[in-house]
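Subject: The structure for you to look through

Dear colleague,

I am passing on the structure we talked about, and below it you will find my notes on what turned up. Please keep it open beside the text while you read.

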Amino acid sequence: MEDKLEQLRDEAVGAFQNAEDNEQLEQARVEYLGRHGRLREAMASIANLPEERRPTIGNLANRASREMEQVYQQRQQELAQQTAAQESGERIDVTLPGRASRVGRRHPLLATLDEMIEIFLGLGFTVAEGPEVENYYYSFEALNYPEFHPAMDEQMTFYIGDDALLRSQTSPVQIRVMEQQQPPVRIVAPGRCFRRDTVDATHCHTFYQLEGLLVDEGVTFADLKGTLEVFAREMFGPSCHMRFRPDFFPFTEPSAEIALTCIICGGEGCRACEQTGWMEVGGSGMVDPNVLAGVGYDTEKYTGFAFGVGVERLAMLRHGIDDIRLFYSGDMRFLAQL
Ligand code: DAH
């Protein structure tokens with residue numbers, strides 16, 4: 001009987017210690033310590049022993065029972081600690097503030113450029129592109145700049161080699177397009193330009209232009225003005241007016257500076273427009289016959305107009321922004337507002 005009790009105890013201890021989860025532990029408990037379990041069974045059989053043996057065996061049985069109970073409780077605690085540790089690792093704290101996913105958006109400059117292009121697409125223009133690294137011929141010579149002409153001063157740019165420079169305007173695209181096709185030509189050329197300007201609130205070494213070119217039979221200055229007026233109204237609404245003033249560009253004759261009603265003050269005069277009520281946004285003119293002849297067009301048959309508009313200027317007007325540097329700051333607080 002002693003042996004039997006010892007064996008039972010050892011078995012039970014083993015079963016409790018090997019239990020891998022609460023379920024297994026509970027099964028073991030029922031088997032050994034349960035009301036109909038094996039310990040009870042063994043204890044019941046004590047009654048059948050001769051009377052003088054009963055106290056010793058009874059004590060032994062009680063001790064075995066205590067030991068089994070102890071091991072059972074110990075294992076129960078271990079398992080409880082394990083689950084608590086696991087749970088705390090993965091626990092979701094519903095009181096923490098949520099992490100909103102950030103949604104990307106178009107940069108205000110490119111959004112403005114897209115809007116501009118959209119208007120010209122509606123007028124029957126198509127989009128053309130050219131390289132940001134240009135050579136002297138497309139940048140100046142083909143655009144009718146005489147050598148050492150002072151008009152090149154305002155186009156001071158960055159040279160990569162003797163004949164490789166970062167384009168200072170989108171006008172070279174005009175030449176590249178006309179070399180490839182015969183009239184009618186009706187394109188807009190959006191793109192990045194570069195100049196060795198000192199950076200301030202209205203100048204940046206990198207900026208965007210939208211170039212326009214239309215060449216066909218019978219194109220007049222009235223077509224240029226009408227086209228730009230439609231563009232200005234589409235962009236800024238019917239109260240936006242356009243002002244033309246004589247200007248000079250080697251590749252247009254005559255040339256005109258384009259100014260729009262200052263959107264910020266509505267034309268009343270404010271700091272942004274230096275009290276004039278107008279904002280200069282670009283240049284334009286009738287394509288110089290020298291340029292057309294240079295690409296082999298018949299200048300007796302064809303005339304054309306061209307224009308170049310600063311995208312930053314328009315984006316600043318559109319959003320009431322007073323510093324061009326903000327576009328290139330990468331400041332998410334600025335970008336998220338527009
Ligand atoms: N490219 C000129 C500039 O950056 C702007 C310009 C003027 C473009 C007249 C034109 C034009 O196409 O006809 O200053």
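Which residues of helix H10 (residues 311-319) are buried? Please bear in mind while you look that this is a predicted model. The buried residues in H10 are Val311, Glu312, Leu314, Ala315, Met316 and Leu317, and the elements that cover them include the helices H5 (108-122) and H8 (221-236) together with the strands S6 (206-217), S8 (252-261), S9 (278-287) and S10 (302-310). After H10 comes Gly320, and the phi angle of Gly320 is positive, near 65 degrees.

The ligand is the next thing to find, and it is surrounded by 16 residues, of which Gln169, Ser171, Arg195, Gln209 and Glu211 are the closest. In Glu211, a polar side-chain atom lies 2.5 Å from an oxygen atom of the ligand, while in Gln174 an N or O atom of the side chain is 3.1 Å from a ligand oxygen. Phe307 takes part through its backbone, where a polar atom is 3.2 Å from an oxygen atom of the ligand. On its own the ligand has 350 Å² of accessible area, and the protein covers 95% of that.

Finally, if you step back to the whole chain, the domain assignment gives domain 1 (2-86) and domain 2 (111-335), and the centres of these two domains, taken over C-alpha atoms, are separated by 93 Å.

How values were computed: Residues are numbered from 1 along each chain as its sequence is written. This is a predicted model: local features need pLDDT of at least 70, side-chain atom pairs count only at pLDDT 80 or more; totals for chains, interfaces and linings use all residues. Side-chain values use heavy atoms; hydrogens and water are left out. Domain bounds come from an automatic or database domain assignment. Buried means under 20% relative accessible area, exposed over 50%, partly exposed in between (1.4 Å probe, protein chains only). Helices (H or I, at least four residues) and strands (E, at least two) are DSSP runs, numbered from the N terminus. Contact means heavy atoms within 4.5 Å. A residue is near a molecule or strand if one of its heavy atoms lies within 4 Å of it. A polar contact is a pair of N or O atoms within 3.5 Å; within protein, one must be able to donate a hydrogen and the other to accept it, and residues adjacent in sequence count only if both atoms are side-chain atoms. Accessible areas come from the Shrake-Rupley method with a 1.4 Å probe; for residues, only the protein chains shown count as cover.
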